[in-house]
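Here is a friendly walk through one model. Please keep the sequence and the 3D view open as you read.

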Amino acid sequence: MIISTNPATAEDLERFAIWGRASVPPAPPEDPGNRPSDGRGPGAGETSMTEGERKTALEMVQAAGTDRHCVTFVLHEEDHTLGNSLRYMIMKNPEVEFCGYTTTHPSESKINLRIQTRGALPAVEPFQRGLNELMNVCQHVLDKFEASIKDYKDQKASRNGSTF
């Protein structure tokens with residue numbers, strides 16, 4: 001039983017630093033002349049968005065009677081790639097009692113990430129820490145990859161230069 005579904009505020013999104021994006025830009029407007037219409041407005045499951053409106057990338061959901069130690073984060077436009085790696089990073093924290101995620105449906109690109117903590121630690125803190133640690137790991141992998149490419153190109157250039 002869910003009591004409240006609160007879109008995260010801009011301040012929350014800045015604190016969480018979700019991969020440097022605070023929200024998902026709206027889809028480009030469609031030309032109504034190229035789309036069949038049944039006279040009822042947007043198609044089934046679609047929502048109408050005005051120009052410049054942005055979709056929320058993150059929501060925090062709390063069940064009735066729970067506190068800040070047990071929260072579900074809904075991440076829009078994400079899938080197993082982020083869900084599983086973020087769950088792994090968050091579970092490394094000894095203050096986290098439970099962390100799991102689900103995808104709502106294979107055709108929807110959003111995940112529900114649930115975090116439950118021990119003691120006085122609010123669930124937002126391991127979420128933020130997990131995101132930061134995951135970004136650090138990704139940056140490290142990228143740096144190593146770019147260094148390896150540079151080394152390969154340097155070796156290839158030195159071999160080509162010495163044969164002539």
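The report below goes from confidence to the core, then to the salt bridges and the surface.

This is a predicted model, so local features need pLDDT of at least 70 and side-chain atom pairs count only at pLDDT 80 or more, while totals for chains, interfaces and linings use all residues. Residues are numbered from 1 along each chain as its sequence is written, and side-chain values use heavy atoms, with hydrogens and water left out.

**Confidence**

Let us begin with pLDDT, the predictor's confidence in each residue, from 0 to 100. The protein chain has an average pLDDT of 77, and 65% of the residues score at least 70. Over residues 1-5 pLDDT stays under 50, and the model has twelve contacts beyond four places in sequence for them; a contact means heavy atoms within 4.5 Å. Residues 12-48 also stay under 50, with 46 contacts beyond four places in sequence. Where pLDDT is low, the predicted coordinates should not be read in detail.

**The nonpolar core**

A nonpolar core is a set of buried Ala, Val, Leu, Ile, Met, Phe, Trp, Tyr and Cys residues joined through side-chain atoms within 4.5 Å. Buried means under 20% relative accessible area, exposed over 50%, and partly exposed in between (1.4 Å probe, protein chains only). The largest such core has 20 residues, and those with the most contacts inside it are Phe-73, Leu-75, Leu-86, Ile-90, Leu-113, Ile-115 and Phe-127. At least two residues of this core come from each of strand 4 (58-63), strand 5 (70-76), helix 2, strand 6, strand 7 (110-117) and helix 3. Helices (H or I, at least four residues) and strands (E, at least two) are DSSP runs, numbered from the N terminus. In soluble globular proteins, nonpolar side chains tend to be buried together.

Which residues does Ile-90 touch, not counting those up to four places away in sequence? They are Val-96, Cys-99, Leu-113, Ile-115, Pro-126, Phe-127 and Gly-130.

Asn-93 sits in the loop between helix 2 (80-91) and strand 6 (96-103). With a relative accessible area of 10%, Asn-93 is buried. Beyond its neighbours within four places in sequence, Asn-93 contacts Leu-121, Pro-126 and Arg-129.

**Salt bridges**

The whole structure has two salt bridges, each defined as a side-chain nitrogen of Lys or Arg within 4 Å of a carboxyl oxygen of Asp or Glu. Here they are side by side.

| Pair | N to O distance | Relative accessibility |
|---|---|---|
| Glu-133 and Arg-129 | 3.0 Å | Glu-133 22%, Arg-129 45% |
| Lys-150 and Asp-154 | 3.1 Å | Lys-150 51%, Asp-154 39% |

Glu-133 and Arg-129 lie about one helical turn apart, because they are four residues apart in helix 3 (residues 124-163). Lys-150 and Asp-154 are likewise four residues apart in helix 3, and so about one helical turn separates them. Lys-150 counts as exposed, whereas Asp-154 is partly exposed.

**Along the surface of helix 3**

Leu-142, Phe-145 and Ile-149 make a nonpolar surface patch of about 260 Å². Leu-142 has its place in helix 3 and is partly exposed, at 38% relative accessibility. Val-137 is also found in helix 3, and its relative accessible area of 40% makes it partly exposed. Val-137 and Met-89 are 48 residues apart in sequence, with their C-alpha atoms 9.9 Å apart in space.

How values were computed:
Patches are made of residues with over 30% relative accessible area and no salt bridge: like charges are joined within 9 Å, nonpolar side chains (Val, Leu, Ile, Met, Phe, Trp, Tyr) within 5 Å. Accessible areas come from the Shrake-Rupley method with a 1.4 Å probe; for residues, only the protein chains shown count as cover.
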